[in-house]
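Here is a short briefing on two ligands and the residues around them. Look at the structure first, then read the points.

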Amino acid sequence: MRKIFLFFGPPGSGKGTQSEAIGEYFHLPVISTGELLRHEEKSGTALGKKIAQLIDKGELVSDELIHKIIVERIKRADTAKGFILDGYPRDAEQLQDLLKMLSEHDLILPVEIRVSDKEVINRLGGRRVCDCGATYHIIYNPPKVAGRCNLCGKELYIRPDDKPEIIKDRLAGYKKSAEPLLAYAKKHHDLISVDGERLISEITEDLIEKLSKYA
Ligand code: ADP
Ligand code: ADP
Ligand code: ZN
């Protein structure tokens with residue numbers, strides 16, 4: 001039986017931060033569609049350029065492309081015991097698509113991280129990222145050396161879609177699509193819902209305790 005954790009929450013709720021910690025704890029790979037897309041973007045291919053045009057404006061990439069990316073990633077051997085999805089599924093269509101890829105023996109564990117709009121703005125305004133996938137916050141989770149990644153030493157930067165006007169659009173997009181996802185999770189599975197406005201370490205501990213019942 002594979003364990004499949006789904007992380008839900010608005011942009012900036014800490015899905016990336018927490019899914020990395022949880023993945024490490026349970027020895028499961030994290031599949032972040034945002035990360036995979038940004039990786040393709042950096043490769044400089046024609047597809048990468050098309051992706052950048054959408055992501056930088058805060059718009060979604062097509063379901064078809066996301067489907068292809070997920071199918072390819074799930075084929076890899078490291079997903080045999082399960083995996084964590086961060087940023088997917090994003091709406092009801094993607095959810096249906098995912099369910100078709102899974103078997104009835106897979107255990108689906110949806111996790112919701114609750115955070116207010118105001119906190120989203122604070123967090124994304126101070127988010128700094130590295131090409132290697134690491135994420136920091138200038139106040140809440142600063143790197144050891146200002147502006148440099150703890151893991152690889154590269155220079156940190158601000159994501160183009162973390163501009164205030166684009167954050168508003170992404171937040172509105174999340175609200176529209178999240179409702180049916182959370183409703184599905186509550187109806188068919190135990191939805192694990194945690195307060196995301198606490199210390200990063202406190203939330204991780206809470207999640208580990210709640211998820212250990214199943215893992
Ligand atoms: P998401 O993947 O949901 O967009 P991230 O994990 O990238 O969220 O976190 C968004 C920003 O908020 C990052 O700068 C991160 O360092 C910071 N952050 C994450 N969790 C917390 C927390 N519990 N308290 C304060 N800041 C946080
Ligand atoms: P955040 O962690 O702040 O919520 P992500 O890194 O998950 O943001 O996503 C960044 C961008 O990548 C999204 O705004 C969207 O353009 C694209 N993206 C990521 N996941 C998906 C998806 N499942 N479907 C369509 N587009 C996606
Ligand atoms: Zn780095």
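The points below take each ligand in turn.

This is a predicted model, where local features need pLDDT of at least 70, side-chain atom pairs count only at pLDDT 80 or more, and totals for chains, interfaces and linings use all residues. Residues are numbered from 1 along each chain, chains are lettered from A and ligands numbered from 1 as written, and side-chain values use heavy atoms, without hydrogens and water.

**Ligand 1**
- 19 residues surround ligand 1 (a heavy atom within 4 Å), and the closest are G12, K15, T17, R127 and Y136.
- A polar side-chain atom of T17 lies 2.6 Å from an oxygen atom of ligand 1.
- A polar backbone atom of G12 is 2.8 Å from an oxygen atom of ligand 1.
- The protein covers 93% of the 570 Å² of accessible area that ligand 1 has on its own (Shrake-Rupley method, 1.4 Å probe).
- Domain 1 (1–119 + 190–215) and domain 2 (126–163) both give residues to this shell, so ligand 1 lies between them. The domain bounds come from an automatic or database assignment.

**Ligand 2**
- 18 residues surround ligand 2, and T33, E59, G87, Q94 and R170 are the closest.
- A backbone N or O atom of E59 lies 2.5 Å from an oxygen atom of ligand 2.
- A polar side-chain atom of R127 is 3.0 Å from an oxygen atom of ligand 2.
- Of the 550 Å² of accessible area that ligand 2 has on its own, the protein covers 97%.
- Helix α2 (residues 33–42) gives the most to this shell, with four residues. Helices are DSSP runs (H or I, at least four residues), numbered from the N terminus.

Methods
A polar contact is a pair of N or O atoms within 3.5 Å; within protein, one must be able to donate a hydrogen and the other to accept it, and residues adjacent in sequence count only if both atoms are side-chain atoms. Helices (H or I, at least four residues) and strands (E, at least two) are DSSP runs, numbered from the N terminus.
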